[in-house]
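Visitor: I have a protein model to look through. Could you take me around it, one question at a time?

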Amino acid sequence: MFHWTIRLFLVCLVGYVSTPATAAVKKYQFDIQVKNISRLCHEKPIVTVNGMFPGPTIYVREGDRLLINVTNFAQYNMSIHWHGLKQYRNGWADGPAYVTQCPVQTGQSYTYDFNVTGQRGTLWWHAHISWLRATVYGAIVIMPKQGTSYPFPQPDFEFNLLLGEWWNDDVETVVKQGNKLGLPPKTSDAHTINGKPGPLFPCPEKHTYAVEVEQGKTYLLRIINAALNDELFFAVAGHNMTVVEIDAIYTKPFSTNAVLIAPGQTTNVLLRANQAPGRYFMAARPFMDAPISVDNKTATAILQYKGIQNTVIPSLPQLPALNDSAFALNYNAKLRSLNSPIFPANVPLKVDRHLFYTIGLGVNPCPTCQNGTQLTASLNNITFVMPQTALLQAHYFNLKGVFTTDFPDRPPMPFNYTGAPLTANLQTTQSNRPRLSKIAFNSTVELVLQDTNLLSVESHPFHLHGYNFFVVGSGIGNFDPKNDPAKFNLVDPPERNTVGVPTGGWTAIRFRADNPGVWFMHCHLEVHTGWGLKTAFVVEDGPDADHSVLPPPKDLPPC
Ligand code: C2O
């Protein structure tokens, strides 16, 4: 542990010292190792990077090249995803297991080699296989190019807040148990802030994150939702926050008393330490406006003014109610791209390809499950099956028989998507090969994601790999193709990589398919991904070698 801390520190130091105005190469070593960690008075072995929980922060400057060697010392297959990094022409470094690579097996290594181009802000990395991201995750901080400043007042200091979920049991066992029963895996035992649940949980002594602030100073809080299944509210007692960035894209600043953040998303806020010196709780708790059981416990951390004693009891912030849909709609409606001359919002105005995907939950017969049935999820009635070979390799080497490209552009039959669940359990189809959608290079795509009331409505945070997209519209009920597009925001819509489809509603996104490769798209609620709420786009190569998928690296893991 000590050894790695020093090594990491040196690596960072070398990176900085040798960073001239031009791009630098930054190297990190990620050792996947199992370590005993104690939380909530339980000690258990968890999978970590370098023995750290949460894992190390990657610091990089826009334009740098990153070389991250992952060596797997654990008894689990592993792959790491750099969530929100575009990986232009370089899906080989993207990380989702069996989509862009086969996992790194025990005793093996793989170096993720990629450039950080045209992006700055807060992103994060996490394991992208089964539920291992429960403990294998960390922050990515991309500093603006040297000589470039933020488009908001320069903060005096900054800190990261990684929101997570903790299970007392081994997470892989939790998932297996859920699948065996055909039911949702049991909900988490705690929420965490920087890996710590805080004083509202048992044994908080060492398990509370605290940060010291100075009166009058401005802080940049980089908030990351690394939870597996819970959309979260976050607030700081007595303090307002100014949202300035989401998913590494600058926004028009707005002030708020609480932030709403879905799994996969990041939010940067400015906070001024302008209150009476004291101790204030920062707190995170779920948002859930569907009849679904959720871990509703509150994680807390402490914002402590300099010179204040540890004995002062902090007060809790006012968080919106668990099911406060109005807050959620109102908050999301405030998000706008900055859309300045330096950071324009290049929204596709003309659409080449219209896609309409329904999100469905369902129950399928399952003779081997204890319940006789199992929960399932689908897009356009298709439950995605994972292949045995990585899809990107199959695409690049033109291997036949791994996947088909007949994923339908719309559901097989229109119905009253958000009506009473009369339609519950439309037959979902499960082919033995993944069905993907093929997209022409550089075409503009509009995708409407429509929640349905098959089984139950629920809010679904959808994440697209390889791209950012513009969230041009959103609404409750069924999408109306005649009247809704007229209300789209095509000027300064929020640009992001993960967007919540509202409970019983729809969200429309647009992007230009200028990044060739195979790109995963899935609900970032791990429980739904596991049930098949996922698909992938095959974006074709461009007209020449400079617009085609790069050749695979030599050390790409074999299956
Ligand atoms: Cu953050 Cu495919 O995931």
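**A guided tour**

Visitor: Over residues 32-146, how much of the chain is helix and how much is strand?
Guide: This is a predicted model. In residues 32-146, the end C-alpha atoms are 32 Å apart. The make-up of that span is 0% helix and 46% strand.

Visitor: Which residue spans does UniProt list for "domain: Plastocyanin-like"?
Guide: The record is an unreviewed entry.

Visitor: How far apart are the end C-alpha atoms of residues 159-307?
Guide: That span is 7% helix and 47% strand. Its end C-alpha atoms lie at a separation of 19 Å.

Visitor: Which residues have the most contacts inside the largest nonpolar core?
Guide: Nonpolar side chains tend to be buried together in soluble globular proteins. Here the largest nonpolar core has 46 residues.

Visitor: How many residues are in the second, separate core?
Guide: Its members include Leu221, Ala235, Phe287 and Ala301. The size of this second core is 42 residues.

Visitor: How many residues of strand E18 are buried?
Guide: Strand E18 covers residues 279-287 and is mostly covered. Its buried residues number eight of nine.

Visitor: In what sense does E18 pair with strands E13 and E19?
Guide: Strand E13 (residues 231-236) pairs with E18 over six bridges, and Leu232 stands opposite Pro286 in E18. E18 also pairs with strand E19 (residues 299-305) over six bridges. There, Phe281 stands opposite Ile302. The sense of E18's pairing with E13 and with E19 is antiparallel.

Visitor: How many disulfides are there, by count?
Guide: One joins Cys41 and Cys203. Another joins Cys102 to Cys559. Cys366 and Cys369 are also joined. The count comes to three.

Visitor: How many residues apart in sequence are the parts that Cys41 and Cys203 tie together?
Guide: The sulfur atoms of Cys41 and Cys203 are 1.9 Å apart. Cys41 lies in the loop between strands E1 and E2, and Cys203 in the loop between strands E10 and E11. So the pair ties together parts whose separation in sequence is 162 residues.

Visitor: Is Cys559 buried or exposed?
Guide: Its partner is Cys102, which counts as buried at 1% relative accessibility. Cys559 has a relative accessibility of 53%. The cut-off for exposed is over 50%. Therefore Cys559 counts as exposed.

Visitor: Is the disulfide of Cys366 and Cys369 left-handed or right-handed?
Guide: Both Cys366 and Cys369 are buried, and their S to S distance is 2.0 Å. The torsion about the S-S bond is about 75°, so this disulfide is right-handed.

Visitor: With the bonded cysteines numbered in sequence order, what is the pairing?
Guide: Cys41 bonds with Cys203, Cys102 with Cys559, and Cys366 with Cys369. In sequence-order numbers, the pairing reads 1-3, 2-6, 4-5.

Key:
Residues numbered from 1 in each chain as written. Predicted model: local features only at pLDDT ≥ 70, side-chain atom pairs only at ≥ 80, totals over all residues. Heavy atoms only, no water. Core = buried A, V, L, I, M, F, W, Y, C linked by side-chain atoms within 4.5 Å. Buried < 20%, exposed > 50% of the residue type's maximum accessible area, 1.4 Å probe, protein only. Disulfide = S-S within 2.5 Å. Helix = DSSP H or I, 4+ residues; strand = E, 2+ residues; numbered from the N terminus. UniProt positions renumbered as here; feature names shortened; annotations may be inferred. Pairing = 2+ DSSP bridges.
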